[in-house]
Amino acid sequence: MTEPILSVRDLHVEFASRRGTLRAIDGVSFDIAKGEVLGVVGESGAGKSVTGLAVIGLIDPPGRIAGGEIRLAGLRIDNLPPEEMRRIRGKRIGMIFQDPLTSLNPLYRVGDQIVETIRTHLNLSETAARRRAIDLLAEVGIPAPEKRIDGYPHEFSGGMRQRVVIALAICAEPELIIADEPTTALDVSVQAQIISLIKRLGRDHGTAVMLVTHDMGVIAETSDRVAVMYAGRVAEIGPVQDVVRTPLHPYAKGLMGAIPTLAGEDKRLVQIPGSMPRLSAIPPGCSFNPRCAFAFDRCRAERPEPQPRGAQSVACHLYDDVPAESAA
Amino acid sequence: MLAFTLRRAVQAIGVMFAVGIIAFSMFRFAGDPVNQIVSIDTSAAERLADDRALGLDDPVPVQFMRYFADAAQFKFGVSYQFRQPVSTLLSERMPATLELAICATVFAMVFGILMGVYSALKRDTVLAKLFQAVSLIGISLPTFLIGILLIYLFAVTLGWLPSFGRGEVVKLGWWTTGLLTVSGLKALIMPSITLGLFQMTLIMRLVRAEMLEVLRTDYIRFARARGLTTRAIHFGHALKNTLIPVITVAGLQFGSVIAFSIITETVFQWPGMGLLFVQAVQNVDIPIMAAYLLMVSLIFVTINLVVDILYTVVDPRLRSTVGRAA
């Protein structure tokens, strides 16, 4: 296998607060290969967005990367000087944020914002950059781009603005796009369009995508692999059809059980009892143990490490003594 | 856009009309103007002739319309004290006041924005904290005290700058300027600082607060995620978004700078309209006072109009709503 575009190893992110240091990310590892879409799913506060921000180097004080390493196509990027990291942002890693309504500067024409970004990263003339901007707008599906390029953000609808944001994220042909809940703020009908747009762009350009969302439907539709995060750790990671059909981790099972199905009889949706612990009160051992129906003594004492099970990898003591073959 | 401007202009004329009524009624409340003109031994017949010559025997509304029509052509009558047309007196004094006001405003804007941006971006540095402390002084000390302190330090103790007057001035047509001579420029420094200090601290605090607010917004985070340079983010994206409130305050303050330059002009014996006004008050020179009132309100109304139009230049969102409303 060739070298992954993004490789995160044992990442730790901490936030200094008045009540001591909070560990938002606690030993997260994953890879994303060229052209692959990795879905990252979990409850609010599980550390999905922070992981994305850590990769692109936008963790602001009081937060900091406390350990581990992040490699972009082999190059270590978590400890680069700010100026070099800035050159990578937008050029090699593009990012799409949740709310397209507030992601664009309201005082500048969308074209000016695209041209500015292109010219920051690529050595192009004003007119060449403008031509490229029009092409990009056309590529993300904005009608009459040569006219719309001179519009202001408030003249675009939410879905159209998210398309502009995507155009901005891909304008320098990045190898990796981090999409942080790109569809949460949009109408359901627009969501599908944006998802298929991101999917198509990833395929056409061979771009790797890290898709952060709490919508399992979006993940199932888009991703090649999926990572389930819980309380700052990866509970389970694996090919999307395996994780959706045969989730291993009790938390992942709970998540899949909470997806409503069209064929669904009148069964009530399964709920996971309780809620995710606050960062200041993570229980010892497995952080999921207070909510887990299968928890036993070891779960309360010892933290489970990720272990491979077929194509999946799961961090759960339930699989400690079972030989890998019979697990799935 | 044109309809919007016209509507605002009509409103402005309404305001001016109301101020005109107040200015006009000053003449009536301050006693019979003929008393100010005639001497003690003038006969009743002569007084009546004066009354008629000045139009004071006409009904009040007629007198008011005449006053307002004259004022619209910048004819404000004759000063009791100087025996010269008020318009001549004002136009002689206006360049001094305007030059001072503009210098003070430029000083306030330039330093206010620079210090505001700096103290927002480098919040925890010693210099930023010093700026905050200085701004507290600037906001709380009264103007005349700052003027006197500056005179004491730079004119009396160090002897670097003149303590009063405008220095040498050059005549350019009807305009006189102190900007072209060394002594004129030197004379301008202290009054400008005195007059502009309050505005500067106001703008600085405003820019700092707005800047901190804007730097937290999503579009700044997205701009960083696009890898734009820090310079482009701070000065292109963030600063422009702080300008709306700054324009409002600076614009309205420009009006107060002109109107309340009275104190600074008195402290520095600056030969401007403010000083003229103070002398007029002392001598109950009603035509000058009324004309000054009209002038100041005209300036305020004009500035408000300009500020409204400037908003739409900075913020495209207002352009379309204004267009739709019109």
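Trainee: Before we start on kinks, what is the bend at a residue?
Mentor: Glad you asked! The bend at a residue is the angle between two fitted axes, one for the seven residues ending there and one for the seven starting there. Keep in mind that this is a predicted model.

Trainee: Thanks! So where does the kink in α5(B) lie?
Mentor: The kink lies at B:M94, shortly before the proline B:P95, and comes to about 35°.

Trainee: And how many residues does helix α5 of chain B have?
Mentor: Helix α5 of chain B has 36 residues, 86–121. From first C-alpha to last, the helix reaches 50 Å, close to the 52 Å expected at 1.5 Å a residue.

Trainee: I clicked on B:S119. Is that buried or exposed?
Mentor: B:S119, found in helix α5 of chain B, is buried, because 24 other C-beta atoms lie within 10 Å and 20 or more count as buried.

Trainee: Which residues is B:S119 in contact with, leaving aside its neighbours within four places?
Mentor: They are B:A128, B:F131, B:Q132 and B:R208. For B:Q132, 13 residues apart from B:S119 along the chain, the C-alpha separation is 7.8 Å.

Trainee: Switching to the interface: how many residues of chain A are in contact with chain B?
Mentor: On chain A there are 23, in contact with 20 residues of chain B. On the chain A side, α4(A) gives the most, with 4 residues. That side divides into 9 nonpolar, 8 polar and 6 charged residues.

Trainee: What ipTM does the predictor give the complex?
Mentor: An ipTM of 0.84, with a pTM of 0.76. Chain B averages a pLDDT of 83, but over residues 322–326 of chain B the pLDDT is below 50. Where pLDDT is low, the predicted coordinates should not be read in detail.

Definitions and conventions. Residues numbered from 1 in each chain as written. Chains lettered and ligands numbered in written order. Predicted model: local features only at pLDDT ≥ 70, side-chain atom pairs only at ≥ 80, totals over all residues. Helix = DSSP H or I, 4+ residues; strand = E, 2+ residues; numbered from the N terminus. Expected span 1.5 Å × (residues − 1). pLDDT = per-residue confidence, 0-100. Contact = placed C-beta atoms within 7 Å. Buried ≥ 20, exposed ≤ 12 C-beta atoms within 10 Å, placed from the backbone. Nonpolar A, V, L, I, M, F, W, Y, C, P; charged D, E, K, R; others polar.
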